[in-house]
Amino acid sequence: MDWNTFFDPIGLSVQISVVASVLVFAASLLIAWRMAKARFIGKSILETILLLPLVLPPTVVGFVLLVVLGRRSWVGKAYESLFGGPILFTWESAVIAAAVVAFPLAYRTIKTGLQGVDADLENAARAMGAGEWQVFRYVTVPLAARSLATGYILGFCRGLGEFGATLMVAGNIPGRTQTIPTAIYVASDGGSMTMAWAWAGAMIGLSFLMLLLVDQMSRD
């Protein structure tokens, strides 16, 4: 077994998932905080749009991203003018794909946690003169910390296992965009079952550890 070939997709997958999960966590926390408290016309429609990637086939998500990030789109043109090359089939496009598919799961978990915070405690802090940001930082977040951590971990795991959308917008370039799922697909398609099993075992091990952490947090 070529250990460099084996570890490259693992390291790249972890890097992509870490960056994507941080972006997802920040966006999910901010949007969930607003959505948990807000009341406005069209809220259910907006919520449905936010959760769509959770139920859509990854290939559909990948196709939409392919159009949005393509060289003919304003996003693709802006990126190319700034960085001198297309965003498709790059490390960044893999991060975007992982973030998009991971967002709904993290968002829903985090929003549930924020909604579970006792409103009386938040109102008590406001009555004592705390602003909304202070209430959020010192009351809401600490009380919902377990759900927030769970949301981050689930988002990380979802991004780590992303395949369809990543393959469409980032491809399978060894050392650049080849993640564990795409490496498994190519290895099994090419008959390299030893490598496919090795990567599958690595994925199972990483996912098991992350889910075990979630379970332990829920028991504490």
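**Exercise 1.** Determine the handedness with which α3 passes α5, then describe the angle and the contact.

*Solution.* The model is predicted: local features need pLDDT of at least 70, side-chain atom pairs count only at pLDDT 80 or more, and totals for chains, interfaces and linings use all residues. Residues are numbered from 1 along each chain as its sequence is written, and side-chain values use heavy atoms, without hydrogens and water.

Step 1: the axes of helix α3 (residues 58-69) and α5 cross at roughly 130° and come within 11 Å. Axes are lines fitted to C-alpha atoms, for helices over the stretch in contact, with angles from 0 to 180 degrees between N-to-C directions. Helices are DSSP runs (H or I, at least four residues), numbered from the N terminus.

Step 2: the two helices are therefore oblique to each other (under 35 degrees is roughly parallel, over 145 roughly antiparallel, 65 to 115 roughly perpendicular, the rest oblique).

Step 3: V61, L65 and L69 of α3 touch I96, A97, V100 and V101 of α5 (contact: heavy atoms within 4.5 Å).

**Exercise 2.** Find how α5 and α8 are oriented and which residues meet.

*Solution.* Step 1: the axes of α5 (residues 91-115) and α8 (residues 145-160) cross at roughly 165° and come within 8 Å. Therefore α5 is roughly antiparallel to α8.

Step 1: α5 passes α8 in a right-handed crossing.

Step 2: among the residues that meet are A98, L105 and G113 in α5 and L148, G151 and R158 in α8.

Note on methods
A crossing is left-handed if the near helix is turned anticlockwise from the far one by less than a right angle, and right-handed if clockwise.
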